[in-house]
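This briefing summarises the strand pairing, helix packing and aromatic contacts of one protein model. The sequence and structure are shown first.

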Amino acid sequence: MTLENCRLLRDAFGTFMTGVTVVTALDEAGAPIGFTANSFSSVSLDPALLLVLIAKTSGNYARFMAAKGFAINILSESQKDVSNTFAKPVEDRFSTVQWQIGPHGAPILHGVSAWFDCSTHQVIDAGDHAILIGKVAAFEASGQAGLGYYRGSYFTPAQAGAALASGPAVVVSALIEQDGHVLLQDDGRGGLSLPTARVGVNGATATLQALIEAAGVQAVPGFIYSVYEDVAAGQQHIAFLCPSTGGTPSKGGFVELSPNRFDDVTDPAMRTMLERLADEARVGDYGIYFGNQNMGRVAPVSKS
């Protein structure tokens, strides 16, 4: 499959809303290991079976294959930081979380929505992944709402439902451009993103200025480059084109404005916007996008 088709397939898979889990085990030396996964599913009630997938490229792959069992920890809405920790190649992921050994011997994280301590029932080869089927030996559900994942981003169903009456959230992104490059930062999920923040009580202008200051470069707020509504996430996005005159970023780095340089940008709408910017920057004719995350129109403007 071509790189372009792989990206399209990844985006298509991402339209399925899932929960977020951390899969944990003890390796043969008794050390705790774990990784973030949203490829989890129940399989059977009698016997009690569940499954999760692990990539063969994972640094934990061999150790999980040798483990006698594993635990599924379903994260709660307040545990985005836990998900990010176990999604990164951190040397000691467990030093930043509270945990204990479960009844069947796998690490159980504190504060989760539910956990399932399992023995390894079966391992099935599946292309570039392996399917771990576990037999549930013990479990517990706390009643806390679970953390969601959709199209490369977290969402919090219970919190979003409580805030629904106040209308969509407004999110601001800074397109900080310098000498044919744009500033991208780690999105905390193994990919890249523009400097982005939800608009606070001080408004969009103050939020944008805070993003520029946090970036650590000399840049000035420019014109609105894109306005679109992410209907599924309940968010209104506003992206500002911000010319930069220099400075070293305090977070992230500048990436060349070229359509083939944005494969690691996890949000599809943001990636499409960056690819449009790369095309427009090459000829010096810019436009303002209005629409939603899937379709809209571009009104041309002139670059001064």
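The points below are grouped by topic, after a short note on the basis of the values.

This is a predicted model, in which local features need pLDDT of at least 70, side-chain atom pairs count only at pLDDT 80 or more, and totals for chains, interfaces and linings use all residues. Residues are numbered from 1 along each chain as its sequence is written, and side-chain values use heavy atoms, with hydrogens and water left out.

**The seven-stranded sheet**

- An open sheet of 7 strands has the order E3-E2-E6-E9-E10-E5-E4, with antiparallel pairing; strands are DSSP runs of at least two residues (E), helices are runs of at least four (H or I), and both are numbered from the N terminus.
- Its edge strands are E3 and E4 (40–45), each of which pairs on one side only; two strands pair if DSSP finds at least two bridges between them.
- On average, neighbouring strands of this sheet are turned by 30° against each other, direction ignored; axes are lines fitted to C-alpha atoms, for helices over the stretch in contact, and angles run from 0 to 180 degrees between N-to-C directions.
- E2 and E6 run antiparallel and are joined by 4 bridges, and Val-23 has Ile-72 in E6 as its bridge partner.
- E6 (residues 69–74) also pairs with E9 (residues 114–126) in the antiparallel sense, over 6 bridges; here the partner of Asn-73 is Trp-115 in E9.
- E9 is joined to E10 (residues 129–141) by 12 bridges, and the two run antiparallel, with Val-123 opposite Leu-132 in E10.
- E9 and E10 form a hairpin with 2 residues between them, and Gly-127 in the turn has a positive phi of about 65°.

**The three-stranded sheet**

- A further open sheet contains 3 strands in the order E1-E11-E12, with antiparallel pairing; its edge strands, E1 (18–19) and E12 (153–155), each pair on one side only.
- E1 pairs with E11 (residues 148–150) over 2 bridges in the antiparallel sense, and Thr-18 stands opposite Tyr-149 in E11.

- H3 lies across E2 and E3 and runs at about 110° to E3.
- The buried residues of H3 are Val-82, Ser-83, Asn-84, Thr-85 and Phe-86; buried means under 20% relative accessible area, exposed over 50%, and partly exposed in between, with a 1.4 Å probe and protein chains only.
- The cover over these buried residues includes E2 (21–26), E3 (32–37), E8 (107–109) and E12.
- Gln-79 is placed in the loop between E6 and H3 (80–87) and is buried, with a relative accessible area of 7%.
- Leaving aside neighbours within four places in sequence, Gln-79 is in contact (heavy atoms within 4.5 Å) with His-110, Gly-111, Val-112 and Leu-147.
- A polar atom of the Gln-79 side chain lies 3.0 Å from the backbone oxygen of His-110.

**Aromatic residues**

- The structure holds 9 aromatic pairs; rings of Phe, Tyr and Trp (its six-membered ring) pair if their centres lie within 6.5 Å, and planes under 30 degrees apart count as stacked, over 60 as edge-to-face and the rest as tilted.
- Phe-223 and Tyr-286 form an edge-to-face pair, 6.2 Å centre to centre with 80° between the planes.
- This pair links distant parts of the chain, 63 residues apart: Phe-223 is in the loop between E17 (218–219) and E18 (224–230), and Tyr-286 is in E21 (residues 285–292).
- Phe-223 is partly exposed at 29% relative accessible area, whereas Tyr-286 is buried at 2%.
- Tyr-228 and Tyr-289 form an edge-to-face pair at 6.5 Å centre to centre, with 70° between the planes; the pair links Tyr-228 in E18 to Tyr-289 in E21, 61 residues apart.
- Tyr-228 counts as buried at 5% relative accessibility, and Tyr-289 counts as buried at 13%.
- Phe-40, Phe-116 and Phe-139 are linked into a cluster by ring pairs.
- Phe-139, in E10, is exposed, with a relative accessible area of 58%.
- Leaving aside neighbours within four places in sequence, Phe-139 is in contact with Trp-115 and Phe-116.
- Phe-139 and Tyr-286 are 147 residues apart in sequence and 55 Å apart in space, C-alpha to C-alpha.

Terms used:
A polar contact is a pair of N or O atoms within 3.5 Å; within protein, one must be able to donate a hydrogen and the other to accept it, and residues adjacent in sequence count only if both atoms are side-chain atoms.
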